[in-house]
Amino acid sequence: MLSNEINDKKAQEMKKENYKKYVKQKTPVHALGTNMFRAFLTGGIVCTIGEFLLNWCENMGMTKEIGGSWCSLILVFLSVLLTGFNIYPKIAKWGGAGALVPITGFANSVAAPAIEYKKEGQVMGIGCKIFTIAGPVILYGIFTSWVLGIVYCIFGKGV
């Protein structure tokens, strides 16, 4: 009886060790420095394109505000277009946060589910799934701005 308990414990320990080895083998190794460089480079390229567009719009005679609106609109359009051609996901995989944090990443997060679920129809596919990724961002962004507006209303008027 005691021998069976010892064997069971040894078998459980072996299973745990094997599982730990399996997890270590399957867990991807991340090079923090490389990932940070890629994100910096990708985000820098996106921002450089944005600055080019902003300067171009200003040289066309637009005000800074109108030029900024056109710059955002063009960046969103390019992001959705690249998502449609399955190019932006590759950029995002390589560049990480550098591609996902700017407005282009938000446009990608809205366009990708719409493209993926279009085969299920306009309502049940695109309509239901388009904001699966972007919805929480919109929700918590609006909620946070509401909370900060209340805080400003209460405490900010005396400043």
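**Close-up views of a predicted model**

**View 1. The largest pocket and its lining.** Lining the largest pocket are Thr42, Ile45, Val46, Ile49, Leu75, Leu78, Ser79, Leu82, Tyr88, Ile91, Trp94 and Thr104. Helix 2 (32-59), helix 3 (64-84) and helix 4 (88-95) are the elements that each give two or more residues to that lining. Helices here are DSSP runs (H or I, at least four residues), numbered from the N terminus. The pocket's volume comes to about 230 Å³. Sorted by class, the lining has 9 nonpolar, 3 polar and no charged residues; nonpolar takes in Ala, Val, Leu, Ile, Met, Phe, Trp, Tyr, Cys and Pro, charged is Asp, Glu, Lys and Arg, and the others, Gly among them, are polar.

How the pocket was found: on a 1 Å grid over the protein atoms alone, a pocket is an open set of points where a 1.4 Å probe fits, with protein on both sides within 12 Å along at least five of seven lines, and lining residues have an atom within 4 Å of a point. Points are joined across faces, edges and corners, and the volume is the space filled by probe spheres set on them.

This is a predicted model, with local features needing pLDDT of at least 70 and side-chain atom pairs counting only at pLDDT 80 or more, while totals for chains, interfaces and linings use all residues. Residues are numbered from 1 along each chain as its sequence is written, and side-chain values use heavy atoms, with hydrogens and water left out.

**View 2. The buried side of helix 3.** Helix 3 has 21 residues and runs 30 Å from first C-alpha to last, close to the 30 Å expected at 1.5 Å a residue (1.5 Å times one less than the number of residues). Gly67, Cys71, Leu75, Ser79 and Thr83 of helix 3 are buried. Because they cover an arc of only 140° around the axis, they sit on the same side of helix 3; the arc is taken from the directions from the helix axis to the C-beta atoms. Buried means under 20% relative accessible area, exposed over 50%, and partly exposed in between (1.4 Å probe, protein chains only).

View 3. The structure holds 0 disulfides, a disulfide being a pair of cysteine sulfur atoms within 2.5 Å. For Cys47, the nearest cysteine sulfur is that of Cys71, 9.5 Å away. Cys153 is partly exposed, at 43% relative accessibility.

View 4. Asn86 is in the loop between helix 3 and helix 4 and has a positive phi of about 60°, though it's not a glycine. Most residues other than glycine have a negative phi. Asn86 is partly exposed, at 44% relative accessible area. Lys93, in helix 4, is exposed at 75%.
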